[in-house]
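Subject: Handing over the structure

Hello,

Here is the structure I promised to pass on. Please open it first, then read my notes below.

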Amino acid sequence: GAIAPALGALFLVLAAVCYWGALSRFADETHTRNRRISATWAAALLVAGSWMLFPASLQVPFLCVAAVVAAFVYSSSAKFSLGLHASVFLAAAAAVSPMPAYVMNALAGSVPTAPAWSVWVVGIAAALCYAVGARRSEEKTKRRVLWVVPALLVGFAVAALAVSGIVGVAGSAGLVASRLSVVRTIVDCAVALALGYMGSRWGRVELGWVAYAAVGFGTLKLLFEDLRFGNASSLVLSLLFYGGVLILLPRMMQKGRKEASV
């Protein structure tokens, strides 16, 4: 209780010391193991310290700023742990914010109105982290996994905002459950195709992974929403768009891999 703020401040000071060790004291390649241990402690202490010291309204912007800073430092240093920390801090900020509930309600529940400011903060921070960190060319494809979390947050946030916007515009006419299920399917398919196109055009394999994650979400949505609330016409439309994605997305990704190998 009373000691939590002081303990949180101490954790943040220790996190700064551990980051100094990772970026300065153990910067040489001969100290790789020490650098990774120090960086791991730094990330854990920073998340724990922010949780103890700040209220929920301040944890989100603090962790988002930490994620963006980590992405900037990674883009210049190429230290794997810093790229990983950007995703860790973003995930922690998203968990503290109402973003997961907003996305789930927009895509699978009662469509909410305008999102809270913290949802915008997480979405903008995720976009900045991806724009800063993912622009660095990587020799190893496995390093692209560092930017899956930012891309995932941006993709699903855009889909949720699109559904909320469509429902807001059509609010006067109203959308019954069957029509809403079609709208959600179309938005999900559009986001998957957009991610796949950008991934194939820019050589970003992580965008293709997120696109397939959106397709997987669409599969679950068809089973648990469209088949439950849809009628004959809405099911035909949903299956038509979903089938189109299943045909176009693999071809798009295969074309991108061929262009990258040339």
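A pocket is an open set of grid points with protein on both sides within 12 Å along at least five of seven lines, and its lining residues have an atom within 4 Å of a point. Please keep in mind that this is a predicted model.

Pockets first.

The largest pocket holds about 430 Å³ of space. Its lining counts 18 residues. Nearest its centre are R36, K79, F80, S81 and R143. Two helices, α2 (32-53) and α4 (80-96), each supply at least two residues of this lining. By class, the lining of the largest pocket has nine charged residues, five nonpolar and four polar.

The second largest pocket holds about 260 Å³. It is lined by 15 residues, and V154, G155, L195, M198 and L207 are the closest to its centre. Here α6 (117-133), α7 and α8 are the elements that give two or more residues to the lining. The biggest share comes from α8, with six residues. What classes of residue line the second largest pocket? There are 14 nonpolar residues and one polar, with no charged residues.

How many cavities of 30 Å³ or more does a search of the whole structure find? The search finds one. The largest cavity has a volume of about 40 Å³. Its lining is made of G155, F156, A159, D188, V191, L195, V210 and A214. Of these lining residues, six are nonpolar, one is polar and one is charged. Look at G155 and L195 in particular. Both line the largest cavity, and both are among the residues closest to the centre of the second largest pocket.

Now the core.

The largest nonpolar core has 65 residues. L46, V122 and W147 have the most contacts inside it. Helix α3 (residues 56-77) gives the most to this core, with nine residues. What does V122 touch, leaving out residues up to four places away in sequence? The list is V60, C64, L90, A93, A94, S97, M99 and L153.

Two single residues are worth a look.

Start with S50. It sits in helix α2. Is S50 buried or exposed? S50 counts as buried because its relative accessible area is 1%, and buried means under 20%. A polar atom of the S50 side chain lies 2.8 Å from the backbone oxygen of V47. Setting aside neighbours within four places in sequence, S50 is in contact with L12, Q59, F62 and L63.

Then go to A192. This residue lies in helix α8. Why does A192 count as buried? Its relative accessible area is 1%, and the cut-off for buried is under 20%. Beyond residues up to four places away in sequence, A192 touches A211, A214, V215, V245 and L249. One of these, A214, also belongs to the lining of the largest cavity. The C-alpha atoms of A192 and R204 are 14 Å apart, and these two residues are twelve residues apart along the chain.

That is the handover. If you want a place to begin, go to the largest pocket and find R36, K79, F80, S81 and R143 around its centre. Then turn to the second largest pocket and pick out V154, G155, L195, M198 and L207.

Best wishes

How values were computed
Residues are numbered from 1 along each chain as its sequence is written. This is a predicted model: local features need pLDDT of at least 70, side-chain atom pairs count only at pLDDT 80 or more; totals for chains, interfaces and linings use all residues. Side-chain values use heavy atoms; hydrogens and water are left out. A nonpolar core is a set of buried Ala, Val, Leu, Ile, Met, Phe, Trp, Tyr and Cys residues joined through side-chain atoms within 4.5 Å. Buried means under 20% relative accessible area, exposed over 50%, partly exposed in between (1.4 Å probe, protein chains only). Helices (H or I, at least four residues) and strands (E, at least two) are DSSP runs, numbered from the N terminus. Contact means heavy atoms within 4.5 Å. On a 1 Å grid over the protein atoms alone, a cavity is a set of points where a 1.4 Å probe fits but cannot get out, and a pocket is an open set with protein on both sides within 12 Å along at least five of seven lines; lining residues have an atom within 4 Å of a point. Grid points are joined across faces, edges and corners, and a volume is the space filled by probe spheres set on the points. Ala, Val, Leu, Ile, Met, Phe, Trp, Tyr, Cys and Pro count as nonpolar, Asp, Glu, Lys and Arg as charged, and the others, Gly among them, as polar. A polar contact is a pair of N or O atoms within 3.5 Å; within protein, one must be able to donate a hydrogen and the other to accept it, and residues adjacent in sequence count only if both atoms are side-chain atoms.
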